[in-house]
Amino acid sequence: MLRGREISARELLDAHLQRIERLNPGVNAVVTLDAEGARAAADAADAALAAGQDVGPLHGLPVAHKDTHATGGLRTTWGSPLHVDTVPLRDELIVARYQAAGAVRLGKTNVPEFAAGSHTYNTVFGATHNPYRHGLSAGGSSGGAAAALAAGFVPLADGSDMGGSLRNPAGFCNVVGLRSTPGRVPTWPTSMGWSQLSVQGPMGRTVADVALQLSVVAGADPRVPISLSDDPAGFAAALPERLDGLRVAWAPDLGGRVSVDPAITSVLASSVAVFESLGASVEEACPDLSGADDVFGTLRAWIFDTNYSDLARRVPEKVKESIRWNAEMGAKLTGADLARAEVAHTKLYERMVAFFERYDVLLAPTTQVLPFPVELEYPTDIGGVPQDNYLEWMRSCTIISATGCPALSVPGGFTDDGLPVGLQVIGAPRADRRVLEVGYAFEQATRFGERRPPL
């Protein structure tokens, strides 16, 4: 519609701004709004199209950036009281790529403090509510992004994912989030350029929207040592609606490694049968994921020690307890601990490669629990199994992060009382296009993502 000039970028932006004004106070997804700057950008986009200029693949589409992604000239708080008034001088790479593709920057989406944890709340802006049920979590750490998409505040959003932060909120909010292969979407600037545990990437209401965004935010950058050089344009190509011959493995509890709410398992068990109707064969199978917990826990603690220990020592009262705990865990690590984790990491990767010689994709629950009350920091119990810290309840995602495999969360259905459930589609290393194809075919067959929240 934008390219055919059926609607202007300014009209599209104003429609989203009106919706934000009306509904965001109850959702708290967009925490910094740049209406004036967005209107100027939308007007410039309309003028460029009218003048016959080449426009980018995201021309005129409003986007909100995660509040941990630096935006030049626009407040970026990282959800921390230490950065309430921080205004970066320049965009970081993922933000710059959205702008170069023609997107219109509308504002910033809410996050937990320093993106630590899969529940979006902080002392600066408060909690983000799930659009499908007020009072429940939108997930995290890209919870503001997922809620903004589900509520219709923006058509495009970005996020990041170390232990599930693109996938978990997508599952909670009935949208789509992709944890791509590390290096697929380069992160710059960063303090640990060789680390492969955290990635940045797109979120959307549909798989095709995510694929389109990936086609512009992926691609090599010489400043990022792990960035992949594949041409990203192919991600925007047409996606299939059939999966004939696809070999699917279904792991409802990741081989007995995680506890899952029976309500989630029940919803997904019926959804998995859809793959057979699309021409795929489905078997219950799971790769050997031994060592994945230690790999993720050790490498994450090392990163937290590097990034937050000094801060936690200087101003402990301004750093939440979970971050201090995680940084302290990292400070206790020895060289031998890190070496053990890297050896286990290598073996885990090799086992995943071998597994995907037998299967094309692995299916699993995105989350182990349903959206929970915003007053909780994290669930402390799943089916009678205690969850001892703010990471354990998301092991359905953290374990997969340790493998280095791309993973897509797509809408997987709803519970009887209307709460969304996410299905995690996991592919072989670097098989990002494959998980998009599989997710798209499932999405088209089920149409779960078209069920909008009753705001």
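**Pockets, helices and single residues**

Trainee: Which element gives the most to the lining of the largest pocket?
Mentor: That is α8, with seven residues. Helices (H or I, at least four residues) and strands (E, at least two) are DSSP runs, numbered from the N terminus. A pocket, on a 1 Å grid over the protein atoms alone, is an open set of points with protein on both sides within 12 Å along at least five of seven lines, while a cavity is a set where a 1.4 Å probe fits but cannot get out; lining residues have an atom within 4 Å of a point.

Trainee: And what should I know about the model itself?
Mentor: It is a predicted model, in which local features need pLDDT of at least 70 and side-chain atom pairs count only at pLDDT 80 or more, while totals for chains, interfaces and linings use all residues. Residues are numbered from 1 along each chain as its sequence is written, and side-chain values use heavy atoms, with hydrogens and water left out.

Trainee: Back to the largest pocket. Which residues lie nearest its centre?
Mentor: Thr187, Thr190, Ser198, Asn307 and Tyr308, out of 50 lining residues. The space in the largest pocket is about 1,100 Å³, a volume being the space filled by probe spheres set on the grid points, which are joined across faces, edges and corners. Besides α8 (292-314), both β6 (156-161) and β8 (199-204) supply at least two lining residues each.

Trainee: How does that lining divide by class?
Mentor: There are 24 nonpolar, 20 polar and six charged residues. Ala, Val, Leu, Ile, Met, Phe, Trp, Tyr, Cys and Pro count as nonpolar, Asp, Glu, Lys and Arg as charged, and the others, Gly among them, as polar.

Trainee: How much space is in the second largest pocket?
Mentor: About 480 Å³. It is lined by 22 residues, with Pro182, Trp194, Ser195, Gln196 and His345 closest to its centre. α10 (335-358) gives the most to this lining, with four residues; α8 and α11 (395-403) also supply at least two each.

Trainee: Helices next. Where does α1 bend?
Mentor: At Glu21, by about 45°, and Pro25 follows within four residues. The bend is the angle between axes fitted to the seven residues ending at a position and the seven starting there. Helix α1 covers residues 9-27, and just after it Asn28 takes a positive phi of about 60°.

Trainee: Which residues of α1 are buried?
Mentor: Ala9, Leu12, Leu13, His16, Leu17, Ile20, Leu23, Asn24 and Val27. Buried means under 20% relative accessible area, exposed over 50%, and partly exposed in between (1.4 Å probe, protein chains only). An α-helix has 3.6 residues a turn, so residues three or four places apart point the same way. Among the elements covering the buried residues of α1 are β1 (30-33), α2 (35-50) and α4 (143-150).

Trainee: And α7, what length should it span?
Mentor: Its 16 residues (262-277) should span 22 Å at 1.5 Å a residue, and the end C-alpha atoms are 24 Å apart, which agrees. The expected span is 1.5 Å times one less than the number of residues. Its buried residues include Ile264, Val267, Leu268 and Phe275. The buried residues of α7 pack against β9 (247-250), β10 (281-284) and α12 (432-446), among others.

Trainee: Is Thr181 buried or exposed?
Mentor: Thr181 counts as buried, at 5% relative accessibility. Its place is in the loop between β7 and β8. Beyond four places in sequence, Thr181 touches residues including Leu228, Gly404 and Asp432, where contact means heavy atoms within 4.5 Å.

Trainee: Where is Gly193, then?
Mentor: Gly193 is in the loop between β7 (176-179) and β8. Gly193 is partly exposed, at 21% relative accessible area. Not counting residues up to four places away, Gly193 touches Pro225 and Ile226; Pro225 is 32 residues away in sequence and 6.3 Å away in space, C-alpha to C-alpha.

Trainee: Last one: what does Ala331 contact?
Mentor: Asp305 and Ser309, leaving aside neighbours within four places in sequence. Ala331 is in helix α9 (residues 321-331) and is partly exposed, with a relative accessible area of 47%.
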